[in-house]
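Biologist: I have a model open and want to learn how to read its features. Can you take me through them?
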Amino acid sequence: MSSSFGICRAEEEPICFSRYDYDRKMMKDMLIMEEKIQKLELALYKHSSVIQEHQRTIEKGSSYVSYTRWGRNDCPETSQLVYRGYAAGKHYTHKGSGSDTVCLPEDPTWSNYTDSVGDGYKAYIYGTEFDDSYTQIFPYNVNQQDVPCAVCLARKHTTLMIPGRNNCYNGWTKEYHGYLLTAYYDHSGPISHICVDFEPDFLPRGETNDNGHLLYLVEARCGSLPCPPYVNGRELACVVCTM
């Protein structure tokens, strides 16, 4: 039932209220609804701001990747130095120990240790030197020189070493280029391929022939490796790229 003076609900005990009460209730409900809408709009704005900030972060390339610059004790202008050190790995005659080449920092710290040489079953690690007495690939003589290294940090998303090229593909930034080096083909046990800088530095007083962890240039051999594009006997370049 309704009239110009109020509204009544048809219930067991009819409840009637005035037009003034009804309008006031409607106004209150509308204010509550507007408040909820404003809260939702604020939450949406905050969520949108987070997404936009994340997109700007991606566009600015604020993530970081690290890589090792073999043969140098500094980093390119595109990166910052984390630490410098000494290239090291297994002895060239050993079957065991690690198969990788590592960059040992020049300022080591120690946990528990013994200084007894050869006590028990252990792996050994040696400094790295170039063994290149036959070629003139590098711009100066590198034979028997000990190899430094530098770990670098680039403000990019990913890093890639490309063997067989001295420049990067489109969209990538070149950090440095050089030559692909690894173990001699007839030595005991493999070691990983690394990209040594085109113009390597040397460790001070590191020209003695210690024959520890040795590095050799890599040349192509035709057969299963298609020639062309590769050339039989040609030494392989390499490049380290970031994006």
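Biologist: How many cavities of 30 Å³ or more does a search of the whole structure find?

Modeller: First, the ground rules. This is a predicted model, where local features need pLDDT of at least 70, side-chain atom pairs count only at pLDDT 80 or more, and totals for chains, interfaces and linings use all residues. Residues are numbered from 1 along each chain as its sequence is written, and side-chain values use heavy atoms, with hydrogens and water left out.

Modeller: Now the general idea. Rolling a probe the size of a water molecule over the atoms shows where empty space is left. A cavity is a set of points, on a 1 Å grid over the protein atoms alone, where a 1.4 Å probe fits but cannot get out. A pocket is an open set with protein on both sides within 12 Å along at least five of seven lines. Lining residues have an atom within 4 Å of a point. Points are joined across faces, edges and corners, and volume is the space filled by probe spheres set on them. Here the search finds one cavity of 30 Å³ or more. The largest cavity holds about 50 Å³.

Biologist: Which residues line the largest cavity?

Modeller: The lining includes Lys-90, His-91, Tyr-92, His-187 and His-213. By class, the lining has four nonpolar residues, five polar and one charged. Nonpolar covers Ala, Val, Leu, Ile, Met, Phe, Trp, Tyr, Cys and Pro; charged covers Asp, Glu, Lys and Arg; the others, Gly among them, are polar.

Biologist: What volume does the largest pocket have?

Modeller: About 500 Å³. Of its 20 lining residues, Tyr-184, Tyr-185, Tyr-216, Leu-217 and Glu-219 are the closest to its centre. The lining splits into nine nonpolar, six polar and five charged residues.

Modeller: The second largest pocket has about 390 Å³. Among its 16 lining residues, Trp-110, Thr-114, Ala-123, Tyr-124 and Ile-125 are the closest to the centre. Nine of the lining residues are nonpolar, four polar and three charged.

Biologist: Next, charge pairs. How many salt bridges are there?

Modeller: Side chains of opposite charge can pair when their charged atoms come close. The rule for a salt bridge is a side-chain nitrogen of Lys or Arg within 4 Å of a carboxyl oxygen of Asp or Glu. By this rule there are seven. Take Glu-35 and Lys-39, with closest N and O atoms 3.8 Å apart. Both sit in helix H1 (residues 19-60), four residues apart, so about one helical turn separates them. Helices are DSSP runs (H or I, at least four residues) and strands are runs of E (at least two), numbered from the N terminus.

Biologist: Which residue pairs with Asp-197 in a salt bridge?

Modeller: Arg-72, at 3.4 Å, N to O. Asp-197 is in strand S10 (residues 194-197) and Arg-72 in the loop between strands S3 (65-70) and S4 (79-89), so the pair ties together parts 125 residues apart in sequence. Buried means under 20% relative accessible area, exposed over 50%, and partly exposed in between (1.4 Å probe, protein chains only). Asp-197 is buried at 4%, and Arg-72 is buried at 14%. Arg-72 also forms a salt bridge with Asp-201, at 3.0 Å between the closest N and O atoms. Shared partners join Arg-69, Arg-72, Asp-74, Asp-197 and Asp-201 into one network.

Biologist: Is Glu-35 buried, partly exposed or exposed?

Modeller: Glu-35 is partly exposed, at 44% relative accessibility. Lys-39 is exposed, at 54%.
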